[in-house]
Amino acid sequence: MKKRAILVLLLLVFTIPCVVFAQIAGGSKAVSPRMRVIIDNDFSGDPDGLFALAHLLLSPSVDVRGIIGSHLKVGDGFDHSQTQADNAAKKATELLTLLKMNGQIPVVAGSNTGMLNDSTAVKSAGVDMIIKEALRADVKTPLYILCGAGLTEIASAALTEPKIAGKLTLVWIGGAEYTDLALPPPNYSNPEYNLNIDIAAARAVFNHSQLKLWQVPRNAYRQALLPYSQLQTRVKPYGEIGKYLNTVLENLMTRLQQYHLNIGETYILGDSPLVLLTALQSSFEADPSSSEYVLKNCPRINAQGAYEYNADGRNIRVYQRLDINLMFNDFFAKLELNAK
């Protein structure tokens with residue numbers, strides 16, 4: 001009898017995992033959210049933000065708690081209106097509709113203007129959204145604020161309620177190269193584009209806050225090159241969202257040609273690392289384990305938008321190499337699965 005019981009136990013040990021795995025692999029419960037995110041981006045500007053948003057919304061490991069449409073620099077060629085944040089929120093809603101997710105995720109506009117200085121917060125629905133989510137006491141999943149443009153909303157939220165600094169991680173696409181790590185590209189803009197959207201906000205985050213910061217500076221986000229060939233073969237054929245993203249980007253590329261700006265056959269989807277560093281973290285000991293970063297003392301940012309060494313600056317992550325293959329292959333696969 002004892003031997004029989006041992007045999008039954010062994011059979012259970014070796015067969016139950018196989019049965020459970022088979023059920024999970026064939027169902028929709030294999031992946032569930034393990035982090036909360038709020039994405040804050042200038043969706044009426046460079047279309048890379050729309051690609052990142054689509055990718056994020058198709059990622060089952062993240063719980064997207066909100067979407068904030070943010071402003072651009074005054075007079076920006078992508079959207080020179082005075083309602084840039086409102087327009088960005090409308091673009092985000094348009095994309096949600098294409099994915100049949102309209103009404104499922106709150107979409108709000110941030111401020112249509114930048115901060116007056118690095119100590120005066122703006123007021124907006126975006127600021128309120130960040131503070132409310134950060135101060136929640138009913139959840140334990142980590143919160144990430146994903147910024148692919150200026151830092152107006154997160155800087156204002158930290159100024160308004162400093163307690164949020166220890167309750168979230170800010171992932172920011174922006175800032176110039178660090179001179180000890182990389183060289184700027186030819187004919188580079190100074191200050192860097194995203195930092196220049198709101199220098200006062202960047203100064204508030206870097207100089208005055210204690211926000212946990214993962215920075216993806218220009219030399220890193222420029223690695224996210226999507227070839228036109230893959231736009232045509234891996235994006236365009238897959239559903240209404242694929243057609244939409246292809247049209248948005250192809251129209252821009254055509255328009256640039258009319259202004260005698262020949263950008264060749266690649267486009268930098270510089271905001272997509274926001275998804276790579278969150279949704280695609282490693283399974284165990286969760287972290288963006290296939291991308292490389294260095295720890296640096298958070299520099300001070302001066303009034304001109306340049307870094308100044310700060311020996312007392314908190315440690316921040318500065319990403320240098322990104323797993324672009326993982327990022328794009330996952331994006332393409334999710335578009336294909338969504339189209340089925």
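Biologist: At what angle do α2 and α3 pack, and how far apart are their axes?

Modeller: This is a predicted model, to be clear. In it, helix α2 (residues 48-57) packs on helix α3 (residues 84-98) at about 45°, and the axes are 11 Å apart. That makes α2 oblique to α3.

Biologist: Is the crossing of α2 and α3 right-handed or left-handed?

Modeller: α2 passes α3 in a right-handed crossing.

Biologist: Which residues make that contact?

Modeller: From α2, L50, L53, A54 and L57. From α3, K91, A92, L95 and L96. By class, seven of the contact residues are nonpolar, none is polar and one is charged.

Biologist: Take β1 and β4. Do they pair in the parallel or antiparallel sense, and over how many bridges?

Modeller: Strand β1 (residues 35-41) pairs with strand β4 (residues 143-147) in the parallel sense, over five bridges.

Biologist: What is the bridge partner of I39 in β4?

Modeller: L146.

Biologist: Change of topic: α5. How many of its residues are buried?

Modeller: Seven of the nine residues of helix α5 (residues 152-160) are buried, so the rest of the structure largely encloses this helix. The buried ones are T152, E153, I154, A155, S156, A157 and A158.

Biologist: What do those buried residues pack against?

Modeller: Strands β1, β2 (62-69), β4 and β5 (169-173), plus helices α4 (125-134) and α7 (199-208).

Biologist: Stay with α7. How do the axes of α5 and α7 cross?

Modeller: At roughly 50°, coming within 8 Å. That makes α5 oblique to α7. The crossing of α5 past α7 is left-handed.

Biologist: And which residues meet there?

Modeller: T152, I154, A155 and L159 in α5 meet A201, A204 and V205 in α7. Six residues of that contact are nonpolar, one is polar and none is charged.

Technical notes
Residues numbered from 1 in each chain as written. Predicted model: local features only at pLDDT ≥ 70, side-chain atom pairs only at ≥ 80, totals over all residues. Heavy atoms only, no water. Axes fitted to C-alpha atoms, helices over the stretch in contact; angles between N-to-C directions. Helix = DSSP H or I, 4+ residues; strand = E, 2+ residues; numbered from the N terminus. Parallel < 35°, antiparallel > 145°, perpendicular 65-115°, else oblique. Left-handed = near helix turned anticlockwise from the far one by under 90°. Contact = heavy atoms within 4.5 Å. Nonpolar A, V, L, I, M, F, W, Y, C, P; charged D, E, K, R; others polar. Pairing = 2+ DSSP bridges. Buried < 20%, exposed > 50% of the residue type's maximum accessible area, 1.4 Å probe, protein only.
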